[in-house]
Amino acid sequence: MKKFGIGLCLSAMLFTSVAWAAEQPPKKETPPDLYEGTPDWYRAVYKDNVGMKEGSGPFKDYFKPQMLDMYWQPNRHYEPMKNLDHSIFIEKERRDLCVTCHEEATPGVVRDWRSSGHKNPKSTPYLSARTAEIEKRTNRILNEVHCFDCHADTKKKQIRMPTGEVCGECHRPQFDDFLREREVGRPNHIQSWEANTIVPWYAEAARRGYLYGQHGCDLCHSGAEKCDVCHTRHKFSAAEGRQPEACITCHMGPDHPDAESYGESKHGVIYHKEEEHFDFNRPLSEVRPGKDYRTPTCQFCHMYEKHGRFIHNPVMKGIWRMGTIPPKNLEYTSSLKDYPYGIKIIGDKIDIYSEENVAKRSYWLEVCAKCHSDRFADTYLKSLDEFMFQAHTLADRAQKIVEDLIADGYLYPSAADRDPYPLSDGIEKQLSPAFLGEPIYNAFKTLKGKFPVVGPILGVYGMFLQQQDNPSNIENMYNRLWFWYKLQGYKGTAHVQQDVSWWWGQAPMMMEFTKIQSEAARLRREGRIEKVSLTK
Amino acid sequence: MKPKVLLDKVGFWCATAVTSAALMLSIAPMTASAVNIPTEVTELGKDTYKKYCSPCHGEEGKGDGPLARSMLPKPRDFTRGAYKFRTTPSGSLPTDEDIYRTISYGVPNSTMIPWDILTEEQRVSVIPVLKSFSEAFEVRKPDAPVTVGLPLRPTERALTEGKKIYEEKLECWKCHGVEGRGDGPSAAEQEDDFGFPIKPFDFTTGKFKGGNSAQDVYLRFTTGLNGTPMPSFAKELTDEERWCLTYYVMSLIKPEETKK
């Protein structure tokens, strides 16, 4: 009888496993790849691991990375620790010892993990359902996701710092959504390290001894490869990623005061007053406005894709693209009319009324309509467009003043008498006319960077690197106008924060404009006086 | 707590202790006859120490390896020959088997993992290396292991007696706390012989550093923990009293704490 019982159990187990196998035909999925669809040169400078030997991006040879970069960009720069060789633990797959040691060495990490969905992936009905989906997709049974699963590189037998690709092995839909950020181009999160290092002033600053001064850039722009930017280690909580606080460590400050403008808006204030009533455990698609959230969060608006669907990236619906790119819908007096001046590596002007953008606007209205009338929301957003048109017009007028001054030979010190544009030698050597665009490339080649660069986007260098007399006072004023005050006004208006819109936006934009006017007048006057005195 | 409940708990933990002792025996033979411990420093010993021990304990055994600075408790400094977990009397050097046992079993609640991941040959090879860091082993020999008296059964009377010793006779609670959480009034002042703050043991965790069997706990009261403020009570307490105290502190284990 006993034997019969055992036999029955065994056959039941066998049957179950056969049934499981039959239900789960092994699928061949392409492994997740953060650099999918990018050209080969891209992988060679961003993905291929070089440790600490060289930097990232087209100008990688001009600077050595700082050691922290191995944590910011693990694909490119991670090197396993030298103090303790962990290979023995990986070879023997001693999962128990990870926890035994790190429970004491780094107790916070282990406690975080213990309270995470990774430790107990079936602890709630919701988690169980999500885990079941992952199990089905990956053909694995997941009763625990362990240190070993993410941190052990079993091929190289060494510890690895997980990138989004590691997360993507299980969280593929989220990974694929994140990858779609490339469709809309920079500014986005997935190309943030590219944005950090493709700009010539980063390598130039490093070459001039300011590598560590760019720490502030690196901390935000390291978000490209990793998921813990929003879902912090080692809880990796979806609920945490849904809270506005997940965004604000980067989204704040003079170029994008999102924390300030949302935080002090009525939306933000209501959130802070009533945050204990917000149910962040609910997936965004199941949030009932007015019940689970009384006001929207960053994620609720920006991760809403369209027609009731949410996407795991916040950039798809963006129209004004952080406010830096000029719109197509204006008549410009300055050289903004020729933007992007033949440069191939930056986006074209934005047509606010293109078919695509009109559709995006309707998706925004779908979100607003959860609480506002369509007419109110549409009117508000149209007033945002008008604000931006006015702000870009003011920027155009300011740029014209600076450009006329340069054209008339009154820029002082002149471009010929000051340091060249950052890394001009590198631009000429590393980039090609096909890559950069013929006119700009030729300018670098013939003038060796001894020419003024004003306005979006390359003119922003002065915000990141100041060299001998470059840029001059008036150019700096213009940078503040278009890169700070215009963007602050944009965020204040978009996020409905009146003070940011006016006192951080429109008012200083106008004040800077008159300063530019009087600085230009002064330079012209001095120039004329100098000419007269030289002729005497 | 009612004595009956107390007894049930002790019964449970004794069963657990027996199981863990059996498991431990399977991974860590405790007698000299089971393993052949070399007397001289060998190349294998040096290599093993360098690769797996020195990151914490330092190349010269001073407890100052590159990983030591962020660790608490600090890795053992071997230069003084002060070893916590021994079968030898208070103040004595440990036997080779004592060292072997700590290497194989590890020290719970610390970063000293059970090094059963290394082969037996590797584990024994580091023993002469550790000893070479302290002159004490050149001038002295370890005393003979203490005699373990006939174990008592954890009866109601034994537990009551143990409680009395814990609370009145030795006032263990002053460091270890009334409930055994390591939070007594003097807990914060404790320092080890190396000048590092040291936390009195939290019995509720059930992860006894020198091993979870009743005999392991009994040995700590009998031998003391060299280099720490925890003395031996071989003189103050009779053999029987030490068993009573053993069962009492084991009754302080809180199952919910052990799961952490």
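This briefing walks through a few spots in chain A and the place where chain A meets chain B. Keep in mind that the model is predicted. Chain A puts 12 residues in contact with 10 residues of chain B, and chain A also holds a cis peptide bond between Arg186(A) and Pro187(A) and another between Tyr339(A) and Pro340(A).

**Where chain A meets chain B**

- On the chain A side, 12 residues are in contact with 10 residues of chain B.
- Two helices of chain A, α5 (87-91) and α6 (95-105), each supply at least two residues of the side that touches chain B.
- The largest share of that side comes from α6(A), which gives five residues.
- By residue type, the side of chain A that touches chain B has six nonpolar, two polar and four charged residues.

**Around Val184(A)**

- Val184(A) sits in helix α12 of chain A, which covers residues 181-184.
- Val184(A) counts as partly exposed because 17 other C-beta atoms lie within 10 Å, and the buried class takes 20 or more.
- Leaving aside residues up to four places away in sequence, Val184(A) touches Val315(A), Met316(A) and Gly318(A).
- Take Met316(A) from that list: it is 132 residues from Val184(A) in sequence, yet the two are 6.7 Å apart in space, C-alpha to C-alpha.

**Cis peptide bonds**

- Going from Arg186(A) to Pro187(A), the peptide bond is cis, with omega near 0°.
- Pro187(A) belongs to the loop that runs between α12 and α13 (192-197) of chain A.
- Tyr339(A) and Pro340(A) are also joined by a cis peptide bond, and omega there is about 0°.
- You'll find Pro340(A) in the loop between β4 (309-310) and α21 (355-368) of chain A.

- Leu423(A) is not a glycine, but its phi is positive, near 55°.
- The loop between α22 (374-407) and α23 (424-430) of chain A is where Leu423(A) is found.
- Lys448(A), another residue other than glycine, has a positive phi near 55°.
- Look for Lys448(A) in the loop between α25 (438-447) and α26 (473-494) of chain A.
- Lys448(A) has 14 C-beta neighbours inside 10 Å, so it counts as partly exposed; exposed would take 12 or fewer.

Notes
Residues numbered from 1 in each chain as written. Chains lettered and ligands numbered in written order. Predicted model: local features only at pLDDT ≥ 70, side-chain atom pairs only at ≥ 80, totals over all residues. Helix = DSSP H or I, 4+ residues; strand = E, 2+ residues; numbered from the N terminus. Contact = placed C-beta atoms within 7 Å. Nonpolar A, V, L, I, M, F, W, Y, C, P; charged D, E, K, R; others polar.
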